[in-house]
Amino acid sequence: MTIDLKGRIALVTGASRGIGYFTAIELAKAGAHVIACARTVGGLEDLDDAIKAVGGTATLVPFDLSDMAAIDQLGGHIFERWGKLDIAVLNAGVLGVISPIGHVEAKVFDKVMTINVNATWRLIRSLEPLLVKSDQGRALILSSGAAHKCKPFWGPYSASKAAVEALARTWAAETQRLPLRVLSVDPGATRTAMRAQAMPGEDPATLPHPSEVAAKLVPLVGPEQTETGKLYQVREGKIVDYRMPE
């Protein structure tokens, strides 16, 4: 399916690598101007080169998602320059550690919650006034199967992604009468640095490349996609209702 996003403004967090990087490129290829957010300046500059190579445009915003004041200011800067936001892909996240819950250091747990949960809420708060100004606002919030499976040793990450889904679901319910559509996304196991950190013995060649995931996300931000408050499973290629933990 060809999606035309010409004239649309799209924001992507965690855009310097992995799923965020390739999603930003796909959005730019479809015609959107991409606001690319990440900590790594070098990664953002590489992304800018890749976006220019496909004929797209981007604005680079290097900052750390633990900087809550910067998130608050982000919405104001977007409003001053563009007056609205059409697409938000809240992709950035951290794994923490694979460890028994009782062995997780407090600073590690706090970081996972800060980046994965607190920053997601802060982004929602900062960006919602802009998204509702769009005639077709679309928000994708990256989740994980870990939110439901709750496997041993994945406690901090699983808890954070369960919380993220709760935020997305609540936000969708609050805005269901508006043009804004909100979906959670479970990308499944993907060939990313985070996956390698979690599963160091796994052969990455057996996993889908993040570019494959990105290609499936772009149709979700087009005008034809009108579902909200649900979960998109990339591997299955379908939108499903939320389910109770397994």
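A residue is called buried when its relative accessible area is under 20%. In this predicted model, S158 comes in at 5% and so counts as buried. S158 is part of helix α6, which covers residues 155-174. Leaving aside residues up to four places away in sequence, S158 touches A146, A147, C150 and K151.

## Around helix α5

Helix α5 spans residues 146-149 and includes K149. With a relative accessible area of 47%, K149 is partly exposed. Together with K151, K216 and R235, K149 forms a patch of positive charge on the surface.

G145 is buried, at 11% relative accessibility. If you want a rough distance to work with, the C-alpha atoms of G145 and H209 are 17 Å apart, while 64 residues separate the two along the chain.

As for accessibility, C150 is partly exposed at 45%, and F153 is partly exposed at 46%.

## Salt bridges

How many salt bridges does the structure hold? There are 10. One of them pairs the side chains of K52 and D48, with an N to O distance of 3.3 Å. Both residues are in helix α2 (residues 41-53), and because they are 4 residues apart there, about one helical turn separates them. K52 is exposed at 56% relative accessible area, whereas D48 is buried at 13%.

Another salt bridge joins K84 and D86 through their side chains, at 3.1 Å from N to O. K84 is partly exposed, with 23% relative accessibility, but D86 is buried at 0%.

D241 and K230 also meet in a side-chain salt bridge, this one at 3.5 Å, N to O. This pair ties together distant parts of the chain: D241 lies in the segment after β8 (238-240) and K230 in strand β7 (residues 230-233), with the two 11 residues apart. D241 is exposed at 53%, while K230 is partly exposed at 23%. Elsewhere, salt bridges with shared partners connect R8, K84, D86 and D135 in one network.

Definitions and conventions. Residues are numbered from 1 along each chain as its sequence is written. This is a predicted model: local features need pLDDT of at least 70, side-chain atom pairs count only at pLDDT 80 or more; totals for chains, interfaces and linings use all residues. Side-chain values use heavy atoms; hydrogens and water are left out. Patches are made of residues with over 30% relative accessible area and no salt bridge: like charges are joined within 9 Å, nonpolar side chains (Val, Leu, Ile, Met, Phe, Trp, Tyr) within 5 Å. Accessible areas come from the Shrake-Rupley method with a 1.4 Å probe; for residues, only the protein chains shown count as cover. A salt bridge is a side-chain nitrogen of Lys or Arg within 4 Å of a carboxyl oxygen of Asp or Glu. Lys and Arg count as positive and Asp and Glu as negative; His and the chain ends are not counted. The place of a charge is taken as NZ of Lys, CZ of Arg, CG of Asp or CD of Glu. Buried means under 20% relative accessible area, exposed over 50%, partly exposed in between (1.4 Å probe, protein chains only). Contact means heavy atoms within 4.5 Å.
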